[in-house]
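Work through the following exercises with the model open beside you, and try each task before you read its solution.

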Amino acid sequence: MTRSVYLDNSATTPLKKEVLDEMMPYLTQHYGNPSSIYKIGREAKAAIEAAREKVATALHADPKEIFFTGCGTEADNWAIKGIAQAKEKKGKHIITSKIEHHAVLHTLESLEKQGYEVTYLNVDEYGKISLDDLRSAIRPDTILITIMTANNEVGTIQPIAEIGAIAKEQGVLFHTDAVQAIGSMEIDVKAMNIDLLSLSAHKFGGPKGVGALYARRNVLPAVFMHGGAQERARRAGTENVASIVGLGKAIELATSNLESKTAKIRAMRDRLIKEIPEKIPYIKLNGHPTDRLPGNVNFSFNFIEGEALLLMLDLNGIAASSGSACTSGSLDPSHVLLALGLPHEIAHGSLRLSIGEANTTEDIDYVLEVLPGIVQRLRDMSPLYEKVSKEMK
């Protein structure tokens, strides 16, 4: 019997019931504009500030350092473009890595067209940058380092505290896209020397369409949206009260009892990483074997296309993702996998399984039962696999 198994939690997570319950009053009776001085307006404003406190607590920050945005992509854009504008008199050089999310890479590409210079650091075969390469890339005109906390495709966690320490020592601001990391690992912006951090609620049980930017006190990116005086006159626009409330509740839940929750998820991840290669030959684990997100599993399968694999998994009730054309909207394979050194034909056959809190050992059993047969059926249609099979006999 076909099960329904959701293993794409890196793309989005289901909205938690507790989060929806917290949001509902602000979608119904508490509908006031937070900028209004009457009671229902003050109630909405108080709810926003309570959510701000929760986000700050989760990050070990001060509430005044938290700014709400429409999503993680907006937070990335604001951090990067805002600092570029605020610091352009010092210089126009920014450092990043080749495996950043497109919210960062495309933002930097837009700045390059405006005369900024960007250094794209290479990564090793596991997806980690070199701290020596980072030090060597810093110049007198470097104004920002932006390196993601953990990669959305292969799950590799970067040495964020060390990167932050280098940035601080060199007098350069440090931004990290932590969209994939919140709720999966401890984040302490002070201990990790982070100046700016982006996050998105729907990655940890909150609603879509709301995110936040942490900006350390006295680190002020240029105003992102002009209009009213919302978000301390830094980001205009009437606040999305219900979603902000949902973000606050979601991050509170996601960061409580973190170790016990991630231990359960990590155990399922490790089982897939161990048992899939035992059942399926000609595959490669992508990302760091241990320094990776607790729920991330990413394999490349020789002799098959990722798009076909995803469609077959979907027919069997398994929702997953790939770095191939079906998710990128282009014919190019994942830029992340190419940066790790995979050839095009192998990068096209990637599969990402991302485990969440709601997943069970029965889900893992089902994947291990179904996946080998799907891969074999697809390979049986490949002339390349047929050739290899004959050579092996």
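The model is predicted, with local features requiring pLDDT of at least 70 and side-chain atom pairs counting only at pLDDT 80 or more, while totals for chains, interfaces and linings use all residues. Residues are numbered from 1 along each chain as its sequence is written, and side-chain values use heavy atoms, with hydrogens and water left out.

**Exercise 1.** Describe how helix H9 packs on helix H14, and state which residues meet.

*Solution.* Begin with the terms: helices (H or I, at least four residues) and strands (E, at least two) are DSSP runs, numbered from the N terminus. Axes are lines fitted to C-alpha atoms, for helices over the stretch in contact, and angles run from 0 to 180 degrees between N-to-C directions. The axes of H9 (residues 258-279) and H14 (residues 361-379) come within 11 Å and cross at roughly 20°. Angles under 35 degrees count as roughly parallel, over 145 as roughly antiparallel, 65 to 115 as roughly perpendicular and the rest as oblique. H9 and H14 are therefore roughly parallel to each other. For the handedness, a crossing is left-handed if the near helix is turned anticlockwise from the far one by less than a right angle, and right-handed if clockwise; H9 passes H14 in a right-handed crossing.

Next, list the contacts, where contact means heavy atoms within 4.5 Å. From H9 come Met268, Arg271, Leu272, Glu275, Ile276 and Lys279, and they meet Thr361, Ile364, Asp365, Val367, Leu368, Leu371 and Pro372 in H14. These residues divide into eight nonpolar, one polar and four charged, where Ala, Val, Leu, Ile, Met, Phe, Trp, Tyr, Cys and Pro count as nonpolar, Asp, Glu, Lys and Arg as charged, and the others, Gly among them, as polar.

**Exercise 2.** Find the angle at which H10 packs with H14, and classify the pair.

*Solution.* Helix H10 (residues 306-315) and H14 pack at about 135°, with their axes 10 Å apart. H10 and H14 are therefore oblique to each other, and H10 passes H14 in a right-handed crossing. The contact joins Ala308, Leu309, Met312 and Leu313 of H10 to Leu371, Ile374, Val375, Arg377 and Leu378 of H14. By class, the residues of this contact are eight nonpolar, no polar and one charged.

**Exercise 3.** Is the crossing of H2 and H8 left-handed or right-handed?

*Solution.* First take the axes: those of helix H2 (residues 39-59) and helix H8 (residues 241-254) come within 8 Å and cross at roughly 30°. H2 and H8 are therefore roughly parallel to each other, and their crossing is left-handed. On the H2 side the contact includes Ala44, Ala47 and Ile48, and on the H8 side it includes Val241, Ile244 and Val245. The classes in this contact are eleven nonpolar, one polar and three charged residues.

**Exercise 4.** What is the volume of the largest cavity, and which residues line it?

*Solution.* On a 1 Å grid over the protein atoms alone, a cavity is a set of points where a 1.4 Å probe fits but cannot get out, and a pocket is an open set with protein on both sides within 12 Å along at least five of seven lines; lining residues have an atom within 4 Å of a point. Grid points are joined across faces, edges and corners, and a volume is the space filled by probe spheres set on the points. The structure holds one cavity of 30 Å³ or more, and the largest cavity has a volume of about 40 Å³. Its lining consists of Ala58, Leu59, Ile182, Gly183, Met185, Glu186, Ile187 and Thr255.

**Exercise 5.** Where does Asn193 lie, and what is its phi?

*Solution.* Asn193 lies in the loop between strand S6 (173-177) and strand S7 (196-200). Its phi is near 55°, a positive value in a residue other than glycine.
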